[in-house]
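I opened my notebook to record what I looked up in this structure.

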Amino acid sequence: MESNDGSTSTSAEAQTALRKHTNRLASEHSPYLLQHAHNPFEIAVNVLLGWRRGRCHVMEVESFENEEVAKLLNDWFVSIKVVDREERPDVDKVYMTYVQALYGGGGWPLSVFLSPDLKPLMGGTYFPPDDKYGRPGFKTILRKVKDAWETKQEMLQRGGALAIEQLSEALSASSVSRKISDELSKNSSQMCAEQLGGSYDPKFGGFGSAPKFPRPVEIYLMLYHSKKQDMDGRKSEANKSLEMVCFSLQCMARGGVHDHIGGGFHRYSVDECWHVPHFEKMLYDQGQLANAYLDTFSLTKDSFYSSVARDILDYLRRDMIGAEGEIYSAEDADSAEFEGALRKKEGAFYVWTAKEVEDVMGDSAKLFMEHYYVKTSGNCDLSRMSDPHNEFKGQNVLIERKDISTMASKYGMSVDEYCDVLGTCRQKLFNVRSRRPRPHLDDKVIVSWNGLAISSFSRASKILKAEAKGTKYNFPVVGCDDELFLDRSGGGYFNTRGEDPSILFRVKEDHDGAEPSGNSVSAINLAVFESRLKDQCVAVPLMCCAADMLSEPSRKQVVIVGHKSSTEFDDMVIAVHSSYDPNRTVIHIDPTNSEDMEFWNNHNPNIGQMARGSPTGKVVSHVCQNFTCSAPVSDPDALQTLLAQNRLPPSI
């Protein structure tokens with residue numbers, strides 16, 4: 001299509017005009033509904049269920065753009081599309097739970113057939129257009145549902161109503177006791193760790209088989225269990241649990257599920273070796289994975305894990321944070337291969353041909369291609385599951401398969417020199433990639449997901465200061481400005497960057513709020529899920545950690561006393577967070593702050609007494625356990641030594 005001046009128009013309006021069909025979804029703003037705005041069937045209500053992830057784009061092309069399928073849908077069904085599952089998780093959860101209960105598994109795309117009163121009659125995930133892969137085709141399904149509705153309508157409706165009734169009863173968990181059993185509290189994390197260990201993949205890392213999701217809660221559970229084993233003196237078992245975590249995180253970071261060029265992680269790997277991903281990037285994955293790598297760094301002090309955490313957070317800072325500080329929810333998997341293309345393709349923004357790499361890299365091409373397994377024929381050949389539909393023929397998804405020290409030696413370089421070359425090459429590809437059409441940005445701001453990400457930023461601001469001095473990074477880790485909020489003359493941190501001229505002055509907030517914690521309330525509610533912990537603990541690994549914490553009689557408390565704006569105070573806080581210990585509470589108190597003192601005198605006079613008894617003008621730390629506190633220490637190194645001990649020395 002040409003404009004009046006003879007140029008080619010690539011606007012959204014021009015592309016829409018070239019479409020053969022447009023339905024009422026074209027007026028929506030959700031990126032996931034807009035993907036279906038040109039399907040050739042009529043949409044009765046703008047609400048297809050859970051249409052979001054994985055093979056959605058395959059079924060979109062195979063079935064929902066098919067004229068024959070469209071005719072069956074238009075003639076026999078009222079077609080409904082749900083807003084994406086972040087906007088209506090309640091709707092998605094009901095019908096996803098139904099499919100999971102009926103067939104033992106679920107996922108997206110999710111297609112469910114409903115009665116007029118919204119009761120589910122049958123459903124499933126991916127259906128090919130015709131019978132193949134051992135699955136009934138979508139056209140076959142449509143015909144069977146129509147015939148069943150005409151001949152067995154009453155039976156179908158009774159079955160749907162019964163299914164919802166039974167699911168409702170099963171999901172409305174209740175408890176006759178306000179207290180979870182001591183045995184279950186003590187054993188749930190052990191049971192969960194054993195079950196996860198049984199599904200561990202020693203060849204490629206991770207728990208379970210393909211498709212592989214980087215499920216951070218499994219990492220959290222195994223780290224927690226490893227720490228608990230270590231505290232109990234079971235060093236060998238603790239090391240085994242930690243090794244599973246470390247190897248899994250290494251395989252994930254070196255695989256194609258990690259974006260080596262721009263940072264961050266894709267949604268999951270379609271194969272068992274973390275190679276070819278579903279290319280969508282979700283905010284909740286980034287926040288949780290950053291925390292998993294931070295925790296592992298805290299335990300191992302290996303900068304590999306801190307570097308990956310930085311990589312994730314740098315990606316969020318660069319690409320996912322809005323003008324008001326809000327963090328966006330996702331980037332789509334599909335994008336156009338070139339400006340003006342009418343059809344988007346999975347992973348088009350992220351994959352490379354060998355020629356593209358050679359043209360960009362020049363003399364470094366051979367080194368880079370060998371390191372990232374780039375091949376002229378394409379590299380999506382590591383598993384039969386990597387590319388079953390030949391979508392990536394001739395394309396390469398970057399994956400690290402060679403050990404860096406071995407490769408550096410082969411090319412006659414030091415490890416630092418070799419990493420510098422790789423970093424320079426990655427930045428060159430990043431610059432080229434930046435000129436490609438980007439995947440759609442889902443700019444919804446979801447508070448809970450923002451919380452996960454903000455948590456990882458906050459923890460990183462302390463934990464990463466424990467990295468060895470002189471630690472080097474290479475692109476896409478660009479480092480950070482220590483964080484922008486630092487008061488370099490007076491110490492402490494402001495709560496704004498100071499860039500807004502309408503803000504008259506910058507504030508250093510030092511008041512710890514006294515609102516009740518929602519987590520404490522949640523811990524009380526833990527008893528409700530006792531049967532879930534007993535029967536399906538692997539489904540709730542984080543809850544297993546919570547149950548174990550309830551049974552832990554010797555939780556540590558670290559009380560840091562001093563001026564919160566001082567460098568010495570900040571050093572003490574960093575010392576606490578440089579070690580991994582989930583069974584620890586850290587309390588900050590400034591004896592010169594009347595609000596601090598009033599709060600602790602009213603709520604815990606013992607802590608107030610610690611503050612009053614501390615040397616004036618000095619920052620000290622007390623470590624307490626089993627109702628006993630150690631002698632105060634004023635040196636961060638001494639505090640770290642104290643925290644590393646399983647039993648505290650007697651108070652002086």
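**Entry: the disulfide**

I began with the cysteines. A disulfide links cysteine 624 to cysteine 629, with 2.0 Å from S to S. I was working on a predicted model, so that value is computed from a prediction. I then asked how many disulfides the structure holds. The count is one. I noted that a disulfide is a covalent bond between the sulfur atoms of two cysteines. I also looked up the hand of the link between cysteine 624 and cysteine 629. The link is right-handed, with 100° about the S-S bond.

Cysteine 629 comes out at 22%, and I wrote it down as partly exposed. The cut-off I needed here is that buried means under 20%.

Next I checked cysteine 380. This residue is in no disulfide. The nearest cysteine sulfur belongs to cysteine 273 and is 10.0 Å away. Cysteine 380 is buried, at 12% relative accessible area.

**Entry: α9 against α10**

I turned to helix packing. Two packed helices are described by the angle between their axes and the distance between the axes. Helix α9 covers residues 216-231. Its axis and that of α10 come within 7 Å and cross at roughly 155°. That angle makes α9 roughly antiparallel to α10, because angles over 145 degrees count that way. The crossing of α9 and α10 is left-handed.

Which residues make the contact? From α9 I listed Ile219, Met222, Leu223, His225, Ser226, Gln229 and Asp230. From α10 I noted several, among them Lys235, Glu237, Ala238 and Ser241. The residues of this contact of α9 with α10 divide into eight nonpolar, four polar and three charged.

**Entry: α10 against α11**

Helix α10 spans residues 235-254, and helix α11 spans residues 283-300. They pack at an angle of about 130°, and their axes are 11 Å apart. I therefore called α10 and α11 oblique to each other. Their crossing is left-handed.

On the α10 side I found Leu242, Val245, Cys246, Leu249, Met252 and Ala253. These meet Leu289, Ala292, Tyr293, Thr296, Leu299 and Thr300 in α11. The residues of the contact of α10 with α11 divide into 10 nonpolar, two polar and no charged.

**Entry: the backbone**

Last, I looked for cis peptide bonds. The bond from alanine 210 to proline 211 is cis, with omega near -5°. Proline 211 sits in the loop between α8 and α9. The bond from phenylalanine 475 to proline 476 is also cis, with omega near 15°. I placed proline 476 in the loop between α17 and α18.

Then I checked for positive phi. Leucine 118 has a phi of about 70°, although it is not a glycine. I found leucine 118 in the loop between β1 and β2. Tyrosine 373 has a positive phi near 55° and is likewise not a glycine. Its place is in the loop between α14 and α15. Tyrosine 373 counts as buried, at 18% relative accessibility.

Notes: Residues are numbered from 1 along each chain as its sequence is written. This is a predicted model: local features need pLDDT of at least 70, side-chain atom pairs count only at pLDDT 80 or more; totals for chains, interfaces and linings use all residues. Side-chain values use heavy atoms; hydrogens and water are left out. Axes are lines fitted to C-alpha atoms, for helices over the stretch in contact, and angles run from 0 to 180 degrees between N-to-C directions. Helices (H or I, at least four residues) and strands (E, at least two) are DSSP runs, numbered from the N terminus. Angles under 35 degrees count as roughly parallel, over 145 as roughly antiparallel, 65 to 115 as roughly perpendicular and the rest as oblique. A crossing is left-handed if the near helix is turned anticlockwise from the far one by less than a right angle, and right-handed if clockwise. Contact means heavy atoms within 4.5 Å. Ala, Val, Leu, Ile, Met, Phe, Trp, Tyr, Cys and Pro count as nonpolar, Asp, Glu, Lys and Arg as charged, and the others, Gly among them, as polar. A disulfide is a pair of cysteine sulfur atoms within 2.5 Å. Buried means under 20% relative accessible area, exposed over 50%, partly exposed in between (1.4 Å probe, protein chains only).
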